[in-house]
Amino acid sequence: MDTPGSGDQGEASQPQPQPQPLDWRFAQVFGERAAGEDVQEVDIISAIEFDKSGDHLATGDKGGRVVLFERTDVRDNATRRELERQDVPVTRHPEFRYKTEFQSHEPEFDYLKSLEIEEKINKIKWCQTSNNALSLLSTNDKTIKYWKVQEKKLKRVSVMNLDTSQSLGSSTAIASTSSSKAPLPNGGCSDKFNCLNTNLSFPPGGYPSLRLPVVTSLEASPVARCRRVYAHAHDYHINSISNNSDGETFISADDLRINLWNLEINSQSFNIVDVKPTNMEDLTEVITCAEFHPIHCNTLAYSSSKGSIRLIDLRQSALCDNHSKIFEEHEAPGSRSFFTEIIASISDIKFSRDGRHILSRDYMTLKLWDLNMDSGPVSTFQVHEHLRPKLCDLYENDSIFDKFECCLSGDGLRVATGSYGNIFRVFGCTPGSIEATTLEASRNPMRRQIANPTRPTRTLTSFTRGVRRGGENQGVDANGNSLDFSTKLLHLAWHPTENSIACAAANSLYMYYA
């Protein structure tokens, strides 16, 4: 005899169909380096970010510049509708074009601390758009700036008072061009002391006509203007900024503190997290990244160098010393080594679009966390496990301290992160998925592709209860011998609504779609 609800349980236990692995294709590249061309340090891309709509993309570089790109293919809606009526399959190929660039930060010098402040852009975050103007925040190690980019039509005077086209006789033409001082655009004279042209002679009867100057508008061009500067609030290097879903506030985080700002007020900020001990010798961990929840304006998460993620609620107290939840994976007994804490340090965290999950990247792995389950990650993706035997070499050349970013797809079905050799990995994160794709930042992204991995093993311990994928045999150059640690893909971003990825390899911006 069946128990009540047994039929429902049987249906629910049926395995869900897995999404097919994506077929990634090259879309376009900006700033591609020619063979043998040296890359200037100031041209290396250090930040990349899509806006909420996905129609604009911003990059920052080590030279303090911000470059904006805009999407062009979304404007061809009529043509797409016609193709759909004709039952012609439409392949959405994302195409971006250069829009504008501006110098966001300049190198500075802190005379009190005798410290040079680099112009390098650490993070870029888009703000809510208003009046057809683009707004974004950019930061270097010490100063955050709020930029507004708007289309403006430049105006100029195109017709002067003197009409030489209807001159009477050659003497008039000579007279009109014989002045040694060129007129200014507004009809004035550049000579302040002798503005009267003595060489100008009028024909008998004068000129047939005089006309008023005409002001004409040139083609609109984007103009960037710095609206506000948020400075002198961080003693240590700013590692992250994040906008709040309320559209009014944002946070900035350094190694020991997180500050809350109002976009309209740059004269003060509120310190909401402070992990600085009374005695700095007691310092055991630092803040590595912080991000607001995409929906709940009172919730934010920050990660630490010990591999933990803390969720805090701004409604609890003004200074959020106590976290509401902590997400961390306990290390296996006897596995601790000199490198344990270094490789456990989280370099980046991202909320999923619905705010249900957090993706974190440490040196060796990607981890996906469920906000409702703080006992351990729901999935762990092995990225650098094949480098474990070479941790000593990585420590000596400082590569072990590289900070790789991570990103999630808009539908939450996949995650991605970068690695060495200008490659990046894409993993399927649905339960039971075995998708693990290796791509190279080049015009032929699949040339480093490897055979399909074996089915992952499921971990049943109470701590992890997750899926581990992408082990040693799945890495490119799994023995680690042929990897070039100087070519690394640190920064990448997933389009918010489509399966399209933008990634930065040195000074080149590559874009791929599936």
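In strand 15, phenylalanine 250 is the bridge partner of asparagine 243. The model is predicted, so local features require pLDDT of at least 70 and side-chain atom pairs count only at pLDDT 80 or more, while totals for chains, interfaces and linings use all residues. Residues are numbered from 1 along each chain as its sequence is written, and side-chain values use heavy atoms, with hydrogens and water left out. Helices (H or I, at least four residues) and strands (E, at least two) are DSSP runs numbered from the N terminus.

- Strand 14 pairs with strand 15 (residues 249–253) in the antiparallel sense over four bridges; pairing of two strands requires at least two bridges found by DSSP.
- These strands belong to an open sheet of four strands in the order 14-15-16-17, with antiparallel pairing.
- Strand 14 (240–243) and strand 17 (265–274) are at the edges with a single partner strand each, so one side of each has no neighbour in the sheet.
- From one strand to the next, the twist averages 25°; axes are lines fitted to C-alpha atoms, and angles run from 0 to 180 degrees between N-to-C directions.

- Five bridges link strand 2 and strand 3 (residues 56–61) in the antiparallel sense, and isoleucine 48 stands opposite threonine 59 in strand 3.
- The two strands form a hairpin with five residues between them, and glycine 54 in the turn has a positive phi of about 85°.

**Aromatic pairs**

- The count comes to 21 aromatic pairs (Phe, Tyr or Trp rings, the last by its six-membered ring, with centres within 6.5 Å; planes under 30 degrees apart are stacked, over 60 edge-to-face and the rest tilted).
- The ring centres of phenylalanine 50 and phenylalanine 96 are 6.1 Å apart and their planes stand at 55°, so this pair is tilted.
- Phenylalanine 50 lies in strand 2 (residues 45–50) and phenylalanine 96 in strand 5 (residues 96–103), so the pair ties together parts 46 residues apart in sequence.
- Both phenylalanine 50 and phenylalanine 96 are buried.
- One aromatic cluster is formed by Phe26, Phe424, Tyr510 and Tyr512.

**Arginine 228**

- Arginine 228, in strand 13 (residues 221–230), is buried with a relative accessible area of 14%.
- Its side chain and that of glutamate 264 are joined by a polar contact of 2.6 Å (N or O atoms within 3.5 Å; within protein, one able to donate a hydrogen and the other to accept it, and residues adjacent in sequence counting only if both atoms are side-chain atoms).
- Beyond neighbours within four places in sequence, arginine 228 is in contact with residues including Ile144, Tyr146 and Leu263 (heavy atoms within 4.5 Å).

How values were computed:
Buried < 20%, exposed > 50% of the residue type's maximum accessible area, 1.4 Å probe, protein only.
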